[in-house]
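Visitor: Hi, I'm new to this one. Could you put it up and walk me through it?

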Amino acid sequence: MKKIALLTAFGIMMVLSLTAQFPMAGNSKQAPPAMGHIYGKIIDSTGATVTGASVILLQNRFDTATKKRKDVLLNGITTKSNGEFSFTDLPIFGQLKLKISATGYKAYEQTVSFQMKMDAGAAPKQTGADPAQAMAAMSKMINAFDKDLGNIKLEVDTKQLGNVTVVSKTPTMRLDIDKKVFNVDKNIVSAGGTALDVMRNVPSVQVDIDGNVTLRNASPQIYIEGRPTTLSLDQIPADAIESVEVITNPSAKYDASGGNAGILNIVLKKNKKSGYNGNLRAGIDKRGAVNGGGDFNVRQNKFNFSASAMINQNKSRTSGTTDRLNLFEEPNTSIYQTNKNRTSGGFMFGRLGVDYFMTNRTTISLAGIKVHGEFKPTEIINIHTDSLFSSGKISSYSERVSTGKREFNANGVQFGIKQLFPKEGEELTADLNYFSGKNEGNSLYVTDFYTSSGSNKTGDYQQQLLNSGSNKFLTIQTDYVKPFKGIKLETGLRAQLRKLSNINDNYVFNSTTNQFELISSATSNYKNNDNVYAAYVSVSGSKKDFGYKLGVRAERSEYTGTLLGSNNKFSNSYPVSLFPSLFLSQKLKNKQELQFSVTRRINRPNFFQLIPFVDYTDNLNITKGNPDLKPEFTQSFEMSYSKTFEKNNTFLASVYYKKTTDLITRYQDKDIHPITGEEILVSTFINANSSKAYGAELTSINYLTKWWDISTNLNLYNSKINTDNITGTSQDAMWSWFGKFNSNFKLPAKFTTQLSATYQSKTNLPVNSGGGGMGPGGPSQAQSSSQGYIKSSYGVDLAVKKTFLKNDAASVTFSISDIFKTRISEQYSYSDYFTQTYSRLRDPQMFRINFAYRFGKIDMSLFKRKNMKQDTQGATEGMQ
């Protein structure tokens, strides 16, 4: 009886306490109890979450001024990517009204109320009530304050949408004032590949056979999550990428370094849904190279944990030919070279991160990245040499077999703090990114000489290279955003510190001693530090349909370097330079917009380009730095027009012009080899007078039917380098064009297909690449990019995807690249010393099969400490 009395008194006291503190009626001086909790999730008819829906909660109150009752706003939010909403601290008495609205959907309205009911068995009059039953009833009453509205399904508003076919789908392209964002997470052609495969399907971006990426015919900077990285694109799994930001004309917020190209910022996939979720992937290509990985994410209360791990094997095959005429030799010689390359290996990528939501306005993030790669290239080169005249005839044949191994290990740490302020839009962020990479490798080159193919061997030459190096990259940055009335101020500081070391020991086999001997004059060992310090400020705002963003960035840099063999030291310091930027936008009627931008950027020579040391580590590719190089400065202008039509069809047109002074380009000269004493060509660097590039780019995204959408990109451009200050012949400017086409089909039985195609017309060699030397795989770097061209080429890729299981949780994708074996890289280059044509084909008709499975459950009970029932059981057990 004492237990029953205690329980009954507890219940009565709780209710009396509530009503005493929050009277239900007749007392307007005090508010009703505010301990209610309402939550739910918004989905569409397919079960997909609805992002950006407006959810408001109203309460009907008596207005003392008008003497009438009216709906008063209690709270309102906008749903995030998980479609969830939650309201806390709500009054528990009286009816509430929930209203939901979202673009393209019918408005939704629902009344909500909290009802407290105590079972008869636990009422005060039931003195014989069971204590556990009484406590359970009390628990039920308290739980009534926590109301789960479940999944709320919105209906498509056909009147509003008209013929729009994409519902709750992230747009393929989004245009911001200073960048274009392309979502690639649905790109099935690149499934199981690397970031290089992703870039092949991003408008404005070109990828050649060697994986070199250009943006409007110039090499861009590669960022990950808005920060520079030491990782190369072939070290980033395609399945980890959510979107690619193409920044053709970077604003003052971004590094001014990078010359006349822009920035490609890779945004990785993130998942911060409450509960747990993840996915698993596995695949294999036609040569048996496997790829696999998985992601897992769990979030509860103030913590979000994420983990990713991926592996990607590589079994690559490349074949090619080189036909070269040497004009600097007497007599002139013709060289015909064939090469076959096989590379096996792979890399592993891992990431572990945690986000701590300290308060509603403060978030701390910490992540670690680990990359390991190991590759074993093997190459066979057959070289036929003949003189052009009978007198002094030279005829020889050689076979060069190269084997080796290279390994790299990279570690990264990312730390960030984000602080929001009560004023909407005001925020302070601080980031620290540290990447450290180490590499080591060895290569053995064995060249056998013959008088002709099939004849007896006349001699050999053996060369061994042992190399190692490290690359440490630290970036510290802080940004502050402060909105004022009608304008927004952005400012920040940045320090970028980089340490690089490289050891290349060159050994030649001595048949007398039967040992490899170090050749000091052909060894390249150095280290250097390269630091850049920057500050920026920008102001942006809008008035009606006109928007603007103007800013200026100040940068200063310095480098120091040491040749380890001779202990020679080199240093340089570039004073503070200013880099202004201006962006203007004007929205027109009928969903049209005009944009204009102008920027100034810099490209500083790196240490490798500056050191006056001849690198003989590869006899077919000998290079030398130039300590007299100056930085190049680029002025860029761009104007864009965009139009959104019915059915979300989008058209974007841009025209651009860039002029660069003191362009850093390659050039060749003759020298004497210190080992053989022969006359050789050495590739070095030089500042050309200037260069200019201009063109027009068109991008169109069209939703033709409910089951078919296409995207088209066309870039027409012209480039010219002024080499009047360089001995030799300049090449005339050339009009060229590059096109991309992507088509997606939705077929019955949950099949999806994607067809992608690229075409490159004849074009000048890009700056600092292609055509000058005879490297193991053909020509290495160019002398001046104005001396030669790339022949036209095209390629077609195809992928088919099938989804199955509940909610399409599993999928199988079959993809094939370069279906017609037409993605051939052919180049022609010339100078006063040679003319050369070469052709290469890499991994044609490569197909992959990939399987993916996603899982997840938004179930908070899995992570709660204790529910009410468990607490109740403990209480009743302690009272018995």
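Visitor: What share of the contacts in the protein chain with a separation of 6 or more comes from residues 24 or more positions apart?

Guide: That share is 67%, where contact means heavy atoms within 4.5 Å. Before going on: this is a predicted model, where local features need pLDDT of at least 70 and side-chain atom pairs count only at pLDDT 80 or more, while totals for chains, interfaces and linings use all residues. Residues are numbered from 1 along each chain as its sequence is written, and side-chain values use heavy atoms, with hydrogens and water left out.

Visitor: OK, what does the protein chain average for pLDDT?

Guide: The average is 80, and 81% of the residues score at least 70; pLDDT is the predictor's confidence in each residue, from 0 to 100. Over residues 118-136 the value is below 50, though that stretch has 30 contacts in the model beyond near neighbours in sequence. Residues 858-880 also stay under 50. Where pLDDT is low, the predicted coordinates should not be read in detail.

Visitor: Got it. How many helices and strands are there?

Guide: The protein chain has six helices and 46 strands. These are DSSP runs numbered from the N terminus: helices are H or I with at least four residues, strands are E with at least two.

Visitor: And how much of the protein chain is buried?

Guide: Buried residues are 47% of the 880. Buried means under 20% relative accessible area, exposed over 50%, and partly exposed in between, using a 1.4 Å probe and protein chains only.

Visitor: Which residues have the most contacts inside the largest nonpolar core?

Guide: Met199, Val202, Ile241, Val244, Leu264 and Ile266 do, in a core of 27 residues. A nonpolar core is a set of buried Ala, Val, Leu, Ile, Met, Phe, Trp, Tyr and Cys residues joined through side-chain atoms within 4.5 Å. Elements giving two or more residues to this core include helix H4 (195-199) and strand S36 (690-705). H4 gives the most, with four residues.

Visitor: What is valine 244 in contact with?

Guide: Leaving aside neighbours within four places in sequence, valine 244 contacts several residues, among them Phe182, Met199, Val202 and Leu264. Apart from that core lies another, of 22 residues, including Ile42 and Phe145.

Visitor: Switching topic: how many aromatic pairs does a search of the whole structure find?

Guide: The search finds 21. Rings of Phe, Tyr and Trp (its six-membered ring) pair if their centres lie within 6.5 Å; planes under 30 degrees apart count as stacked, over 60 as edge-to-face and the rest as tilted. Phenylalanine 421 and tyrosine 480 have ring centres 6.4 Å apart and planes at 85°, so they are edge-to-face. Phenylalanine 421 is in the loop between strand S21 (395-420) and strand S22 (427-450), while tyrosine 480 is in strand S23 (residues 457-483), 59 residues apart.

Visitor: What about tryptophan 708 and phenylalanine 745, stacked or edge-to-face?

Guide: That pair is stacked, at 5.3 Å centre to centre with 20° between the planes. Tryptophan 708 counts as partly exposed because its relative accessibility is 26%. There's also an aromatic cluster made of Phe637, Tyr657, Tyr694 and Trp735.

Visitor: Which ring does lysine 762 lie over?

Guide: Lysine 762 lies over the face of tyrosine 789, 4.2 Å from the ring centre. A charge sits over a ring if NZ of Lys or CZ of Arg is within 6 Å of the ring centre and within 35 degrees of the ring normal. The charged end of lysine 643 sits over phenylalanine 645's ring, 5.2 Å from its centre.
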